[in-house]
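Here is a short briefing on one chain. Please look over the sequence and the structure first.

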Amino acid sequence: MKKIIIFSILSFIVSPQTIVSQDTISITPHKFTAHNKGKMYFYWGGNRESFSKSDIHFKGRDYDFTLYNVNAEDKPMGWHINYINPTKMTIPETNFRIGYFINDHYNISVGFDHMKYVMLQNQEVEIGGEIGESYANYAGIYLPSGNHTIDLTDGNFLQFEHTDGLNYVNTEFCRVDDISGLFKIKNTDKFQLNITEGLGAGLLYPKTNAKLLGKERHDDFHVSGYGVSAKVGLNFTFFKYFFVQTELKGGYIDMDDIRTTSSSSDTASQHFFFLQRIITFGGIFKV
């Protein structure tokens, strides 16, 4: 009888503690930002670009020549209402992406980088190749090593830009790491700081605006080549679901089939490196 009483007392003491412990565990909040697997995200934003010099090869009926070390720049709009105007959102230099986390650190995404490439008109460049007699003002044989140059300033010989734009449609594979702890950020559901790195590849679908050798201006979309890229960025997430992401993205573009006139026999090719500075705004949610 004595043993039964002692056992009952011990059970009375231990059981409530066990219940409290279980209840404590069950009501401990699970941070939304603790895991990424199964989440989707999207973002929209803008960019500025820089381009390396490039050699541009033009080929068509009665001409085949190359312009060497051509300079180009982007065409910024700055902070503008068009970025959020549904009817004009694709006019500025923009970036859109949607992705899915396959585990806590890695995600796969698809998107497009709408860049703008404008050949600087005020420049004199070296020319090599041949232009036939049908283009009397520019006819001649230009040896690549002959130090032949041509002044592009007046725009009569060439106007050349991908301004609607230099569209890089690509897939990216990225890693994301939470670095909030380095800055002693404890409640990541209120604010979280992440670092991301990724690799991408895709097609170039530019709308090239060109006017060559006095021919009629041409401006049309055309799949012209491919690109590869790498990026690093910082992600600032607020209240679990909203974020601002800044990125530096660099890459290589090779376009070997650029349309320059309404005739399919007139083509151009070029390859160059690019660097984007990007800021985007987005959301992340569980699916």
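How much accessible surface does the chain have, and what share belongs to carbon and sulfur atoms? The accessible surface comes to about 15800 Å², and 61% of it belongs to carbon and sulfur atoms. Areas come from the Shrake-Rupley method with a 1.4 Å probe; for residues, only the protein chains shown count as cover.

This is a predicted model: local features need pLDDT of at least 70, side-chain atom pairs count only at pLDDT 80 or more, and totals for chains, interfaces and linings use all residues. Residues are numbered from 1 along each chain as its sequence is written, and side-chain values use heavy atoms, with hydrogens and water left out.

**Overall fold**
- The chain has one helix and 16 strands. These are DSSP runs numbered from the N terminus (helices H or I, at least four residues; strands E, at least two).
- Buried residues make up 42% of the 287 residues. Buried means under 20% relative accessible area, exposed over 50%, partly exposed in between (1.4 Å probe, protein chains only).

**Nonpolar core**
- The largest nonpolar core has 34 residues; Phe58, Phe65, Leu67 and Phe157 touch the most other members. A core is a set of buried Ala, Val, Leu, Ile, Met, Phe, Trp, Tyr and Cys residues joined through side-chain atoms within 4.5 Å.
- Apart from it lies another core, of six residues, among them Tyr41, Tyr43, Phe101 and Val176.

**Salt bridges**
- The count comes to 11 salt bridges. Each is a side-chain nitrogen of Lys or Arg within 4 Å of a carboxyl oxygen of Asp or Glu.
- Glu172 and Arg97 meet in a salt bridge (3.4 Å, N to O). Glu172 lies in strand β10 and Arg97 in strand β5, so the pair ties together parts that are 75 residues apart in sequence.
- Both Glu172 and Arg97 are buried.
- Lys231 also meets Glu172 in a salt bridge (2.8 Å, N to O). Lys231 is buried, with a relative accessible area of 6%.
- A network of salt bridges links Arg97, Asp113, Glu172, Lys231, Glu247 and Lys249.

**Hairpin**
- Strands β12 (residues 207-212) and β13 (residues 218-221) run antiparallel, joined by four bridges. Strands pair if DSSP finds at least two bridges between them.
- Five residues separate β12 and β13 in this hairpin, and Leu213 in the turn has a positive phi of about 50°.
- Ala210 stands opposite His218 in β13.
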